[in-house]
Amino acid sequence: MTSKLRLHEFKNQLPTNAIVSDNPKAGVIKKYQSIEEILKYRYVQVNNEDRKRFLHLDIDHEEFWKWENEKLPVPSYVVINRDNNHSHYLYQLKYPVITDN
């Protein structure tokens, strides 16, 4: 699957009421907005509050390819922080998990 197709698929899974921010220490914004607007932010919530489509792992070291060494499955998506090379692994679930908040 091409990366453009994967990105399109990822965009279609994002919640339109995402919690977003450019600086989480300064505060977050939560409002209904278009996917294009959501993707302008540096930090984006990938799951709805009541429906989880992704298992999200925060990797706090510079080796973003660590799943290979740890014998983990290849993530559906890897998001890399350009400032420190830390990353987030996103594993897309076949079916969303409904949660009770």
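Let's start with Phe54. In this predicted model, Phe54 is buried, with a relative accessible area of 3%. The cut-off for that word is under 20% relative accessible area, so you can see why Phe54 gets the label buried at 3%. Tyr77 counts as buried as well, at 11% relative accessibility.

Now, what do Phe54 and Tyr77 do with each other? Their rings have centres 6.1 Å apart and planes at 70°, so this pair is edge-to-face. If you are new to this, here is the idea: a pair of aromatic rings is described by the distance of the centres and the angle of the planes. Phe54 sits in strand 4, residues 51–59. Tyr77 belongs to strand 5, so their pairing ties together parts that are 23 residues apart in sequence.

Tyr77 has another ring to talk about, that of Phe10. The search of the whole structure finds 3 aromatic pairs. In the one formed by Phe10 and Tyr77, the ring centres are 4.8 Å apart and the planes stand at 50°, so we call the pair tilted. Please look at where these two residues come from. Phe10 is in helix 1, residues 3–13, while Tyr77 is in strand 5, residues 77–80, so here parts that are 67 residues apart in sequence are tied together. Both Phe10 and Tyr77 are buried.

Let me step back to the whole chain for a moment. The protein has 101 residues, and 23% of them count as buried. Its secondary structure comes to 3 helices and 6 strands. If you read along the sequence, the pattern goes α-β-β-α-β-β-α-β-β.

In what order do the strands of the open sheet of 3 strands stand? The order is 4-6-5, with antiparallel pairing. Strand 4 and strand 5 are at the edges with a single partner strand each, so one side of each has no neighbour in the sheet. On average, and ignoring direction, neighbouring strands of this sheet are turned by 30° against each other.

We can go through the two pairings one at a time. Strand 4 pairs with strand 6 in the antiparallel sense over 8 bridges. Strand 5 also pairs with strand 6 in the antiparallel sense, over 4 bridges.

Is Val97 buried, exposed or partly exposed? With a relative accessible area of 43%, Val97 is partly exposed. Together with Leu55 and Leu93, Val97 makes a nonpolar surface patch of about 230 Å². Pro96 is found in strand 6 too, and Pro96 is partly exposed, with a relative accessible area of 36%. The C-alpha atoms of Pro96 and Arg51 are separated by 6.0 Å, although these residues are 45 residues apart along the chain.

My last topic is charge. Side chains of opposite charge can pair when their charged atoms come close. How many salt bridges does a search of the whole structure find? The search finds 2.

One of the salt bridges joins Glu37 and Lys40, with the closest N and O atoms 2.9 Å apart. Glu37 counts as partly exposed, at 34% relative accessibility. Lys40, at 58%, counts as exposed.

Another salt bridge links Asp83 with Arg42, and there the closest N and O atoms are 2.7 Å apart. Asp83 lies in the loop between strand 5 and strand 6, and Arg42 in the loop between helix 2 (35–38) and strand 3 (43–44), so the pair ties together parts that are 41 residues apart in sequence. Asp83 is exposed, with a relative accessible area of 61%, and Arg42 counts as partly exposed at 45%.

Key:
Residues are numbered from 1 along each chain as its sequence is written. This is a predicted model: local features need pLDDT of at least 70, side-chain atom pairs count only at pLDDT 80 or more; totals for chains, interfaces and linings use all residues. Side-chain values use heavy atoms; hydrogens and water are left out. Rings of Phe, Tyr and Trp (its six-membered ring) pair if their centres lie within 6.5 Å; planes under 30 degrees apart count as stacked, over 60 as edge-to-face and the rest as tilted. Helices (H or I, at least four residues) and strands (E, at least two) are DSSP runs, numbered from the N terminus. Buried means under 20% relative accessible area, exposed over 50%, partly exposed in between (1.4 Å probe, protein chains only). Patches are made of residues with over 30% relative accessible area and no salt bridge: like charges are joined within 9 Å, nonpolar side chains (Val, Leu, Ile, Met, Phe, Trp, Tyr) within 5 Å. Accessible areas come from the Shrake-Rupley method with a 1.4 Å probe; for residues, only the protein chains shown count as cover. A salt bridge is a side-chain nitrogen of Lys or Arg within 4 Å of a carboxyl oxygen of Asp or Glu. Two strands pair if DSSP finds at least two bridges between them. Axes are lines fitted to C-alpha atoms, for helices over the stretch in contact, and angles run from 0 to 180 degrees between N-to-C directions.
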